[in-house]
Structures are given as C-alpha cells and as structure tokens.
Amino acid sequence: MKRKGIINKQLAGCIASLGHKDLFMICDGGMPLPKDVEVVDLALVGGVPTFKQAMEAILDEAGVEEYYLAEEIKANNPKLLEYIQRKLKDVPCTYVPHEPEFKELSKKCKFIVRTGEFSVYPNIILKAFCSFQ
C-alpha cells in the first residue's frame, strides 16, 4: 500500500501516465467538462476539496513546464492568481480568454481533475515537463 502522496487510484494512475507536453487540468465544480476527456471527480460537497488542496497534492507528484489561465482571473480572483504564481514561480504562464479559448484548450487535456471549489475562475491547464531533462 502506498504510504504517502496521492492515494486516489484514478488520479495517481493519470499522473503516472503523463508524458512530456501532455496537458491536464484542475478545475472547479462548475466548469463545463468536455465529453471525450477523462474526469477524475474529487468533488464531494461545495468547497471540498478546494482548488488549492488539489493543486498542492498534484504538484507534489507532477512536474509542470507551462500553464494556462483564463485572462479573467486577473480581475476576478487576484488572491488565487497570486497563490498560483507563487506555487509555479519561474514557470511560464499564458493567459487566454475563458470563452472560447480556455474551454477549447480543455478539450486537448489528457485528464481533468474536478474539485469542489466554487470561487471565480479557479481553473488551470498544466503542461507536463520531461522528468529526464
């Protein structure tokens, strides 16, 4: 039995399956989910787990070389933006409009992690880096 780290079988498997440049997303409970992308649904009730809790656990196990945020996060959720920038310091970020670009980009994700978060624009698309560099 695994002693630490992510113990959710589906999520651990999804992270282990990531290849260089694969996209994956962490999103809130209300994000429209593309039909053909695997969803790891962690949402239990509103606020559980939070976006930050999911991101902390995932970043402990997955490397990121770039990430994408909705442009709207700057004006509508600056505290979360500050947290993301601090956690992904020195990782390049691309901002795109939530509608339609961010939603279109979500269709290219290998998997999506749905949280119980219900704040404004708590969605991030991450690009996996190569761990052999």
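**Core packing, ring contacts and backbone geometry**

Beyond its neighbours within four places in sequence, Leu88 makes contact with Met55, Leu59, Val64, Tyr67, Ile124 and Leu126. These contacts, like every feature described below, are taken from a predicted model. Leu88 is also listed, together with Ile84 and Ile124, among the residues with the most contacts inside the largest nonpolar core, which has 29 residues. Two or more residues of this core are given by each of helix 1 (9-16), strand 1 (23-27), helix 2 (51-59), strand 3 (64-70), helix 4 (78-87), strand 5 (111-114) and strand 6 (124-128), and the largest share, five residues, comes from helix 2. Apart from this core lies another, of twelve residues, which includes Val96, Phe102, Cys109 and Ile112.

In helix 2, the buried residues are Phe51, Ala54, Met55, Ile58 and Leu59. Viewed down the axis of helix 2, these residues fall within an arc of 120°, so they line one face of the helix. In an α-helix there are 3.6 residues a turn, so residues three or four places apart point the same way. The buried residues of helix 2 pack against helix 1, strand 1, strand 3, helix 4, strand 5 and strand 6.

In helix 5 (residues 98-106), burial is found for His98, Phe102, Leu105 and Ser106. The arc that they cover around the axis is only 115°, which puts them on the same side of helix 5. The elements that cover these buried residues of helix 5 include strand 1, strand 3, strand 4 (93-96), strand 5 and strand 6.

With regard to the aromatic side chains, the count comes to one aromatic pair. The ring centres of Phe24 and Phe111 lie 5.2 Å apart and the ring planes are at 20°, an angle under the 30 degrees that marks the limit for stacking, so the pair is stacked. Because Phe24 belongs to strand 1 and Phe111 to strand 5, the pair ties together parts that are 87 residues apart in sequence. Both Phe24 and Phe111 are buried. Charged groups are also placed over rings: the charged end of Lys52 sits over the ring of Tyr83, at 5.0 Å from its centre, and Lys74 lies over the face of Tyr95, at 4.1 Å from the ring centre.

Another joins Glu99 and Pro100, with omega about 0°, and here the proline, Pro100, lies in helix 5.

Positive phi values are found in residues other than glycine. For Asp90, phi is near 70°, and the residue is located in the loop between helix 4 and strand 4, where Asp90 is exposed, with a relative accessible area of 74%. For Tyr121, which is not a glycine either, phi is positive at about 55°. Tyr121 lies in the loop between strand 5 and strand 6 and, with a relative accessible area of 24%, is partly exposed.

Terms used. Residues numbered from 1 in each chain as written. Predicted model: local features only at pLDDT ≥ 70, side-chain atom pairs only at ≥ 80, totals over all residues. Heavy atoms only, no water. Core = buried A, V, L, I, M, F, W, Y, C linked by side-chain atoms within 4.5 Å. Buried < 20%, exposed > 50% of the residue type's maximum accessible area, 1.4 Å probe, protein only. Helix = DSSP H or I, 4+ residues; strand = E, 2+ residues; numbered from the N terminus. Contact = heavy atoms within 4.5 Å. Arc of directions from axis to C-beta. Phe/Tyr/Trp six-rings, centres within 6.5 Å; stacked < 30°, edge-to-face > 60°. Lys NZ or Arg CZ within 6 Å of the ring centre and 35° of its normal.
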